[in-house]
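Me: Can you walk me through this one? I have the sequence and the coordinates open.

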Amino acid sequence: MIGKLYYIILKFIRSSKIITSYIWGIKIDKFLHNTFWDLTTLVLKKELNDIKQKKKYLDMGCGQFAILGQFFKKINISSDVTSVDIYEKFVENSINNSELNKTNIKIKKSNLFSNIDEKFDLISFNPPYVPSSQKKYELEFPNIRYSEHEGLKTTHDFLIESKNYLMNDGEILLGINTFYVSQTHCNKLISETGYRVEKITKMKFNTSIVFRLKSLRY
Ligand SMILES: C[S@@+](CC[C@H](N)C(=O)[O-])C[C@H]1O[C@@H](n2cnc3c(N)ncnc32)[C@H](O)[C@@H]1O
């Protein structure tokens, strides 16, 4: 009963333009689906809030508003932000939204790093981590939620490729909802792909966590 109520309230607040503007400082006009952010986005925001030294930031899988990229640019005006997503429609909507909010960030389509040719000192990703086996019906944008290999295929590929796009002191913020993938599974993948965990960030009443990672190469 309490779980159901929590879910209903959460669904309401994360599709509210007013609450989104209050939490993120970002206005919303047009949207393509009615989840404007999720529990993992919130924990990533908490961690981004503490980061002041990073200047070149890649917001991987930026979604329909590039909400993290815009947020980071607002709190670090001199930063150079690039936001990318696999869906053209998300890229178009994010460009329109960033014009509305007057945040000067670059936004383009890219399947992970397929359209990226520079290095960053910070890369974040709130990847699709719900196991594909849990998909019950077809969705217009399945890559928002679902990934193969028990939810970890996209994250695996992201971690492998990221190393080529990180500066020497570069860091990754990887957000995962442990309701879908256990922390143990995440830790295993992180060490197998050649990273060490610098920090873990959590929030009360939130099952998502953010791993702050450095490549073992450096
Ligand atoms: C859980 S949503 C996160 C959206 C937004 N960043 C947020 O935190 O609210 C995951 C996003 O990653 C994108 N995505 C999934 N696979 C991707 C890939 N291979 N390359 C780029 N983006 C991808 C999806 O389209 C979706 O917008």
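Me: What kind of model is it?
Reply: It is a predicted model.

Me: How many helices and strands does the protein have?
Reply: The protein has 7 helices and 9 strands. Its radius of gyration is 16 Å, close to the 17 Å that the globule rule gives for 218 residues, so the protein is as compact as a globular protein of that length.

Me: And what does the C-alpha trace span along the principal axes?
Reply: About 45 × 40 × 30 Å.

Me: What share of the residues is buried?
Reply: Buried residues are 37% of the 218 in the protein.

Me: What share of the contacts comes from residues 24 or more positions apart?
Reply: Counting contacts with a separation of 6 or more, 67% are between residues 24 or more positions apart.

Me: Switching to the ligand. Which residues come nearest?
Reply: There are 23 residues around the ligand, and T41, G61, G63, I86 and N126 come nearest. The elements that give two or more residues to that shell are α4 (67-75) and β2 (80-85).

Me: What is the shell made of, by class?
Reply: The shell around the ligand has 13 nonpolar residues, 8 polar and 2 charged.

Me: T41 was in that list. Which residues of α3 are buried?
Reply: Helix α3 covers residues 39-49, and its buried residues are T40, T41, V43, L44, K45 and L48.

Me: Now the largest nonpolar core. Which residues touch the most other members?
Reply: That core has 44 residues, and I67, L68, F71, I123 and L174 touch the most other members. Strand β7 gives the most to this core, with 5 residues.

Me: What is L68 in contact with?
Reply: Leaving aside neighbours within four places in sequence, L68 is in contact with T41, L44, L48, D59, C62 and S124. T41, L44 and L48 are among the buried residues of α3.

Me: And F71, where is it, and is it buried or exposed?
Reply: F71 is in helix α4. It counts as buried because it has 25 C-beta neighbours inside 10 Å. Outside the four places on either side in sequence, F71 is in contact with W24, I26, K45 and L48.

Me: How far apart are F71 and I9?
Reply: They are 62 residues apart in sequence, and 23 Å apart in space, C-alpha to C-alpha.

Me: Back to strands. How covered is β1?
Reply: Strand β1 (residues 56-60) is mostly covered, with 4 of its 5 residues buried.

Me: How do β1 and β2 run, parallel or antiparallel?
Reply: They run parallel, and 5 bridges join them. One of the pairs is Y57 with its bridge partner V81 in β2.

Me: Last one, Y146. Where does it sit?
Reply: Y146 lies in strand β6, residues 146-147.

Me: Why does Y146 count as partly exposed?
Reply: Because Y146 has 19 C-beta neighbours inside 10 Å, and a residue needs 20 or more to be buried.

Definitions and conventions. Residues are numbered from 1 along each chain as its sequence is written. This is a predicted model: local features need pLDDT of at least 70, side-chain atom pairs count only at pLDDT 80 or more; totals for chains, interfaces and linings use all residues. A residue is near a molecule or strand if its C-beta atom, placed from the backbone, lies within 6 Å of it. Ala, Val, Leu, Ile, Met, Phe, Trp, Tyr, Cys and Pro count as nonpolar, Asp, Glu, Lys and Arg as charged, and the others, Gly among them, as polar. The radius of gyration is taken over C-alpha atoms; the globule rule is 2.2 Å times the number of residues to the power 0.38. A residue is buried if 20 or more other C-beta atoms lie within 10 Å of its own, exposed if 12 or fewer, and partly exposed in between; C-beta atoms are placed from the backbone. Two residues are in contact if their C-beta atoms, placed from the backbone, lie within 7 Å. A nonpolar core is a set of buried Ala, Val, Leu, Ile, Met, Phe, Trp, Tyr and Cys residues joined through C-beta atoms within 7 Å. Two strands pair if DSSP finds at least two bridges between them.
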